[in-house]
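I set out to record, entry by entry, what I looked up in this structure.

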Amino acid sequence: MIRGVIIMNDQGKPRLIKFYEFQPPEKQQELVRSIYRVLCSRAENVSNFIKADSLFGPDVRLVYKTFATLYFVFIFDKSENELAVIDLMQVFVETLNKCFREVCELDIVFNFYKVHTILDEIIMGGQVLETSSEEVASAVDAISRPLSLSLSLPLSLRVCVCARALVSSCEWVLRCNRHLLLQLSLRVLEHGAQKYLWLNSTECFFSSLYFLLFRFV
Amino acid sequence: MKGPSLMDSLFQRSIDDLIKALRLTPPGTEPAFIAKAIEEIRLEIKSTDPQTKFLALQKLTYLHSLHGHDMSWAAFHSVELSSSASHSHKRTAYLSAALSFNPATTDVILLLTHHLRKDLSSPNAHAVSLALSTLSSICNPDLARDLTPELFTLLSSSKITVRKKAIATVLGVFKQYPDSVRVCFKRVVENLENLDLGILSAVVGLFSELTENEPRSYLPLAPEFYKILVDCKNNWVLIKVLKIFAKLAPLEPRLGKRVVEPICEIMSTMGAKSLVFECVRTILTSMSEHDSAVKLAVGKVREFLLEDDPNLKYLGLQALSIVAQKNISAVVENKDLVVKSLSDSDINIRLEALRLVMCIVSEDNVMEICRILISHSLKSDPEFCNEILGFILLTCGRNYYEVIFYFDWYVLFLGEMARVPHCQKGDEIATQLIDIGMRVKDARSQLVHVTRDLVIDPALLGNPFMHAVLAAAAWVSGEYIMLSRNPFEIMEALLQPRTSLLSPSVRAVYIHSAFKVLMFCMYSYLRLNGDDSSLPSTLIDSELVSDVELDDQNMIVTNGQPLSTSSVIDHLTQESILALVNLAEINLGPLAGSNELEVLERSTNVLGLIKLIKPMLLGSLDNGEGDQAKGELTASETVKMIFDSCSEDLGPVSVNAQERVPIPDGLGLKENLDDLEEICGDVKLPLLTSFSLVRPQYTEASSNADSQGKEESEPSSESTSLLAEHRKRHGLYYLALGNTMATSNDYPPAHDPKDKVADEAEDLVKLTEKSLITGKKPSQSKPRPVVVKFDDGEVTNVTTDRTGIKADLISGAVNKVLLGDEATTSSSSRRKPPKSRRVTDESSAGIAKIDQSEHSKAGSKHHGHGKERRHQSSAKDKDHDHKDKQKSDSTAHGKHRSRHRADKALEAQAPVIPDFLL
């Protein structure tokens with residue numbers, strides 16, 4: 001059976017870790033690091049196998065393949081065929097390509113859940129389920145169609161909408177209670193400062209807030 | 001604790017925000033940022049709003065999976081969210097459960113049972129497959145037991161994707177809860193006949209996993225697998241079927257005979273490399289007795305080796321190493337390609353090739369192969385170079401150097417290996433140098449020659465990896481100094497200033513070797529002057545003479561004929577001896593103040609000896625006629641005694657030597673010796689040097705040979721009196737006096753060459769040698785040198801392999817299901833293959849019974865279900881009749897029953913493996 005699937009980039013950052021037998025998180029990280037160390041030392045145009053006896057014990061094999069900036073690693077035991085697993089890896093990448101239209105590392109970074117869904121359609125419990133990328137892609141489409149409806153607005157948009165609403169409604173709020181507005185602005189500011197310092201959209205948010213404050217305080 | 005405020009949920013970060021933020025954090029501050037994010041999540045996840053909880057769980061799962069953050073504390077929240085109506089919420093909850101739950105320790109898994117059951121029986125295929133994939137990830141015995149009925153229903157689901165996933169899930173459930181086999185197995189087997197490729201590949205994959213552990217139980221299914229092998233054209237399915245046959249074929253020779261033909265056909269007609277390789281592997285591992293098939297497979301392997309793709313090359317080499325165990329000629333045929341792979345750029349391929357090359361080493365080609373390998377090792381990187389050297393040493397040293405015929409060559413080769421620039425195998429080389437010295441008498445002269453070169457080279461002293469080799473070389477040069485051409489240069493080498501670079505333990509060996517060399521020179525000198533000086537006549541040691549004469553004829557005979565014109569004797573003038581002694585004194589003098597105990601002690605020994613003999617030498621130098629002084633006599637006697645003790649031949653000691661010593665009567669070995677501690681408390685155990693060899697006649701291998709020699713001759717009166725006193729005080733721990741003498745003579749010497757067992761072994765070696773020589777190489781006139789060895793080498797510990805109890809349970813259950821079947825069918829017709837679909841009423845009733853216990857609520861439902869099954873089975877029987885023309889009895893139930901009665905008796909008998917496919 002297949003013991004695990006790992007995607008990591010060429011700096012050793014994991015992008016997907018899936019083990020089909022339970023591994024504690026620290027162990028997973030350690031395995032990723034030690035696999036990365038081996039992968040780094042491999043030259044180009046060499047065979048895709050890695051000796052993994054020291055990591056997983058005898059009989060366990062490990063194949064990897066490089067696609068652009070990503071390493072795809074499959075860990076499996078002797079009940080799988082080595083070349084077939086390399087083909088399976090190709091199927092996985094093709095499916096990713098179909099689902100994301102010209103997949104790149106960023107797609108995998110930001111679609112953690114979708115990548116897992118795709119993988120679950122190909123391998124389940126270590127058993128290979130489907131080897132045709134068309135089939136997998138259509139199955140994933142069918143699953144994620146209802147999912148896309150429930151997607152919430154991106155945060156930056158939420159913040160902008162909120163700020164705009166504050167500014168535009170300031171007139172009548174002002175009339176009602178200047179003090180309330182001030183309190184509200186301050187609370188928003190407080191939360192914003194806590195959480196959104198790192199966002200590009202913060203600029204727009206804060207400019208609105210300062211505008212508010214200077215105008216009415 | 002209070003939940004998150006409205007403001008918190010309004011501005012809750014989604015997973016995308018989290019990822020973006022993580023990417024923007026400056027390096028180094030990531031842990032702090034994650035800690036803060038986790039803090040937020042802890043608050044948010046307690047929210048009553050499912051959307052807030054969902055987002056929090058999403059983020060947490062992400063951090064857990066990719067940043068290794070612990071989320072066991074949030075297990076309950078995953079369970080909570082999994083009951084949500086929204087599919088995306090459910091998906092996140094189940095994924096986080098699959099990624100983070102530990103089936104063995106997470107106790108909230110039990111709370112998930114209900115949700116899983118609900119989803120498994122949901123009409124929504126997505127929900128079902130979600131639940132199945134979760135179940136396959138976190139299956140534990142409780143879950144498996146509780147969800148088996150649902151799984152049983154899904155195994156015949158009309159939706160192909162669902163059925164496929166159910167089959168894949170079955171594996172985990174079987175492993176965790178073997179009783180489920182009785183319920184589900186028949187349905188799984190039914191799926192083997194399915195025409196859908198997805199389902200077929202899932203079932204075949206399942207069986208290839210199951211046969212991995214206990215193949216025998218699945219033999220009755222061989223006909224089904226055979227049909228798939230012949231009919232199916234899908235590579236994935238064929239690979240898995242081949243895996244199954246690789247396990248089944250060794251159990252049943254007739255099966256191998258039957259399947260080898262289709263496998264060969266697939267191998268030669270199919271283009272997919274993965275499939276071809278699987279065919280090759282199946283034939284080589286499980287059907288190696290079919291010569292033509294093996295030949296074909298080896299041909300394919302050669303094609304693989306010729307490919308440019310490194311993967312194929314690597315796998316080809318692996319396939320060859322499978323053949324190598326049984327059929328070495330296949331490897332020899334491809335030797336050219338294997339050797340070529342040794343210089344591949346890929347370390348995997350090189351290692352595999354190296355392993356193969358070592359497989360084909362034999363007496364005839366060992367020299368050629370070693371020469372090729374050493375030239376490769378010089379070209380390659382340090383890591384691989386050492387791999388090569390390690391493999392050479394291992395292979396050549398295997399089973400007491402069985403592949404080595406010319407030891408002179410091998411000894412030279414060892415020296416060459418030690419000089420390979422990246423060599424880090426010093427310890428192994430050192431061990432072999434000493435081992436050969438002790439075991440192979442005929443190789444000693446060459447050995448001394450090789451070690452002389454090693455000891456003399458001052459460049460080698462700077463390499464710390466070489467120190468072990470140098471220690472061995474120094475020991476060999478000291479021990480077999482009588483075979484050396486020029487003891488003086490060895491003495492100089494042993495005392496050269498650069499030896500200060502050596503570690504103290506190695507230095508100690510150097511000094512001790514120098515001591516032996518000095519002893520030898522002194523002794524030879526005294527013998528040379530034996531005529532005119534007053535040496536006792538006993539010094540002409542017949543044993544030594546014969547010992548040296550045994551050696552190779554190009555050796556310098558140093559004694560026996562004192563007037564021979566050998567170079568050593570030429571050098572043995574009083575001046576040269578004196579110069580030697582002075583050299584030793586000058587070099588060792590400073591070491592008498594060394595901090596290292598071993599170095600200090602040994603150099604003091606040598607210096608003490610020099611003090612003893614120097615006056616004699618000077619005296620004889622002054623008075624050429626020889627002074628008959630008393631001191632001189634004792635000095636020469638001492639020299640003789642020490643030399644005797646040093647020239648005692650060392651030999652290997654059998655591992656079991658101690659066991660052969662009979663325990664004398666009255667020796668209480670089992671008694672509690674705790675009170676001995678206070679007596680021995682102040683006695684320090686002697687430090688073990690790297691060469692603690694046991695001298696046969698002495699009870700201890702003392703590092704101080706000097707004092708040993710003295711004690712041998714006349715134990716000093718002081719020590720004997722002390723000993724007697726000690727004996728009086730602690731008589732309990734001494735052997736009875738008479739007894740000691742009697743038994744000590746009875747002890748078989750550990751490596752006595754006349755030892756009966758060893759003798760037998762040697763005879764055997766000689767015998768096989770002779771037959772080899774007469775059979776294989778009649779041209780060789782010189783027989784292979786005798787290697788001293790014992791037949792009772794190390795006792796190999798047989799490791800008991802443990803197979804999982806669970807696997808046994810599964811196979812037990814499978815056996816019950818399948819062989820129960822077997823008994824019902826095999827009686828009716830031998831030609832009929834066992835078919836699980838031939839479910840008789842009673843066996844289906846058996847299933848129904850189990851069903852009943854599982855579905856205690858849905859009794860009525862089960863009734864209809866049972867009917868349906870009966871209907872199915874009769875329909876299938878019809879179908880089967882149509883196919884199987886030999887079978888004439890119809891599907892009449894009456895006949896079924898009557899046949900069944902007869903089977904009852906059969907079932908009582910031990911299950912017999914039926915004839916398959918015959």
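**Conventions**

I worked with a predicted model, in which local features need a pLDDT of at least 70 and side-chain atom pairs count only at pLDDT 80 or more, while totals for chains, interfaces and linings use all residues. Residues are numbered from 1 along each chain as its sequence is written, chains are lettered from A and ligands numbered from 1 in the order in which they are written, and side-chain values use heavy atoms, with hydrogens and water left out.

**Confidence**

I first looked up the scores for the complex: the predictor gives an ipTM of 0.78 and a pTM of 0.69.

I next looked up the secondary structure, where helices (H or I, at least four residues) and strands (E, at least two) are DSSP runs numbered from the N terminus. Chain A has 10 helices and 7 strands, whereas chain B has 44 helices and 0 strands.

For burial I used relative accessible area: buried is under 20%, exposed is over 50%, and partly exposed is in between (1.4 Å probe, protein chains only). Chain A has 217 residues, of which 55% count as buried; chain B has 918, of which 51% do.

Accessible areas come from the Shrake-Rupley method with a 1.4 Å probe, and for residues only the protein chains shown count as cover. Chain A exposes about 10200 Å², with carbon and sulfur atoms supplying 55% of it. Chain B exposes about 43800 Å², and there carbon and sulfur atoms supply 55%.

I then took the contacts between residues at least 6 apart in sequence. In chain A, 52% of them join residues at least 24 apart; in chain B, 71% do.

**Helix α8 of chain B**

How far apart are the end C-alpha atoms of helix α8 of chain B? The helix covers residues 125-138, and at 1.5 Å a residue its 14 residues should span 20 Å; the ends are 20 Å apart, so the two values agree. The expected span is 1.5 Å times one less than the number of residues.

I found α8(B) mostly covered, with 12 of its 14 residues buried. Among them are B:Ala127, B:Val128, B:Leu130 and B:Ile138. The N-terminal end of α8(B) is capped by B:Asn124, whose side-chain oxygen lies 2.9 Å from the backbone nitrogen of B:His126.

**Cysteines**

B:Cys279 is buried, because its relative accessible area is 0%. A:Cys104, at 38% relative accessibility, counts as partly exposed.

B:Ser180 sits in helix α11 (residues 180-190) of chain B and is buried, at a relative accessible area of 0%. Leaving aside neighbours within four places in sequence, I found B:Ser180 in contact with B:Thr148, B:Val173 and B:Phe174.

B:Ser201 belongs to helix α12 (residues 197-213) of chain B. Its relative accessible area is 17%, so B:Ser201 counts as buried. Not counting residues up to four places away in sequence, B:Ser201 touches A:Leu129 and B:Val237.

**A loop in chain A**

Last, I looked at the loop between α3 (82-100) and α4 (105-110) of chain A, where A:Arg101 is found. A:Glu102 lies in the loop between α3 and α4 as well. Most residues other than glycine have a negative phi. Phi of A:Arg101, however, is near 55°, a positive value, and that of A:Glu102 is near 60°, also positive. A:Arg101 is exposed, with a relative accessible area of 69%, and A:Glu102 counts as exposed at 63%.

Methods: A polar contact is a pair of N or O atoms within 3.5 Å; within protein, one must be able to donate a hydrogen and the other to accept it, and residues adjacent in sequence count only if both atoms are side-chain atoms. Contact means heavy atoms within 4.5 Å.
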